[in-house]
Amino acid sequence: MDLPVVVGVDGSESSLRAVDWAADEAALRGLPLRVVYASLWERYERAVFATGGDRSEQILNGVFVAAAHQRARKRVPDLKVSTQVIPDGPTPVLVREARKASVLVLGSRGRGDVAELLLGSVSLTVAGRADCPVIVVRGSHDGGGGTPRRIVLGIGAEAATANAVRFALEEAERRGALVEAIRVWRRPASEAIDHSLLGERPVHAHEEGAVQTLEAALHYAPENVELLKRVAEGSARKVLLDASQGAELLVVGARRHPGHFGLQLGRVAHTVLHHAACPVAVVPERV
């Protein structure tokens, strides 16, 4: 059975943009869209909206999911859309939904007090725990793509980004986009200090290793996907943030350690979720 694309909504403009992306994603994949609203989301984020008891809260919940349903059907008229209001907090709801979703799509900010943060706490936490790829829709981007359409892929160690590579290549095939695959390397501090004495050989060795890692990660890329391969010296966070300008999607891997239930996001994933100029896909990697 094909798993649906799931989108979490909370009534914010950010979550409605996530609905747009999710509807497009579901259409590209030929899958149904499931819209989920956690009815305790408002309390979780201490929203400024005042309600007049349980009846008013039920009405508000219905308005949120109805607006999301209508928006998705307007964007993709023949899309199969289902909705559900679940009486629980947003994080447990969305983490559970991720177990039965092909992709989970979220907005980058909530509508309560945490809307003032760079990234809503719900999106950040779920991206660090979900069992499926999580796309956090950032900025004003609505999934329409640029010219040319470009997906940025951050390449880590091969075993740590295999799922992310596969996800980026498949997204590129669906969207007719090229993949800009980037492997960032840094020389050890000790070599940087002794650089004038050691010459260029250590630098070349590190760069060559980065090239080999990049080639190995992409060895099974489909011939119909255009690849732009790049190695760069420096900070992976800065390089990927710069590359996200004008991109359709930025894809990074996040290691998942069995038996560990806390937030499992590395520094790179954490940074791009906060600051990228385009939507970010965090793909879980089992290690």
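**Pocket, sheet and helix**

Analyst: This is a predicted model. Let's begin with the largest pocket, which holds about 640 Å³ of space.

User: Which elements give two or more residues to its lining?
Analyst: Strands E6, E7 and E9 do, along with helices H10 and H11.

User: How many residues line the largest pocket, and which lie nearest its centre?
Analyst: The lining has 24 residues. Nearest the centre are Ile155, Gly156, Arg183, Ala236 and Val268.

User: What classes of residue are in the lining?
Analyst: Twelve are nonpolar, seven are polar and five are charged.

User: New topic: the sheet. In what order do the strands run?
Analyst: The order is E3-E2-E1-E4-E5-E10-E9-E6-E7-E8. That makes ten strands in an open sheet, with mixed pairing.

User: Which are the edge strands?
Analyst: E3, residues 81-86, and E8. Each of them pairs on one side only.

User: And the twist, what does it average?
Analyst: From one strand to the next, the twist averages 25°.

User: What packs on the sheet?
Analyst: Helix H10 does, touching E6, E7, E8 and E9. The direction of H10 makes about 160° with that of E7.

User: Which residues of H10 are buried?
Analyst: H10 covers residues 236-243, and its buried residues are Val239, Leu240, Leu241 and Ala243. They pack against strands E6, E7, E8 and E9, and also against helix H11, residues 267-275.

User: Back to E9. Why is it largely enclosed?
Analyst: Six of its eight residues are buried, so the rest of the structure largely encloses E9.

User: How many bridges join E9 to E10?
Analyst: Seven, and the two strands run parallel.

User: How about E6 and E9, in what sense do they pair?
Analyst: E6 and E9 pair in the parallel sense, over three bridges. Look for Leu153, which stands opposite Val251 in E9.

User: Now E1 and E2. How many bridges join them?
Analyst: Four bridges join E1, residues 5-8, to E2, residues 33-38. These strands run parallel.

User: Which residue in E2 does Gly8 stand opposite?
Analyst: Val36.

User: Last one. In a regular strand, where do the side chains go?
Analyst: They alternate between the two faces of the sheet.

Conventions: Residues numbered from 1 in each chain as written. Predicted model: local features only at pLDDT ≥ 70, side-chain atom pairs only at ≥ 80, totals over all residues. Heavy atoms only, no water. Buried < 20%, exposed > 50% of the residue type's maximum accessible area, 1.4 Å probe, protein only. Contact = heavy atoms within 4.5 Å. 1 Å grid on protein atoms, 1.4 Å probe; cavity = no way out; pocket = protein on both sides within 12 Å on 5 of 7 lines; lining within 4 Å. Points joined across faces, edges and corners; volume = space filled by probe spheres on them. Nonpolar A, V, L, I, M, F, W, Y, C, P; charged D, E, K, R; others polar. Pairing = 2+ DSSP bridges. Axes fitted to C-alpha atoms, helices over the stretch in contact; angles between N-to-C directions.
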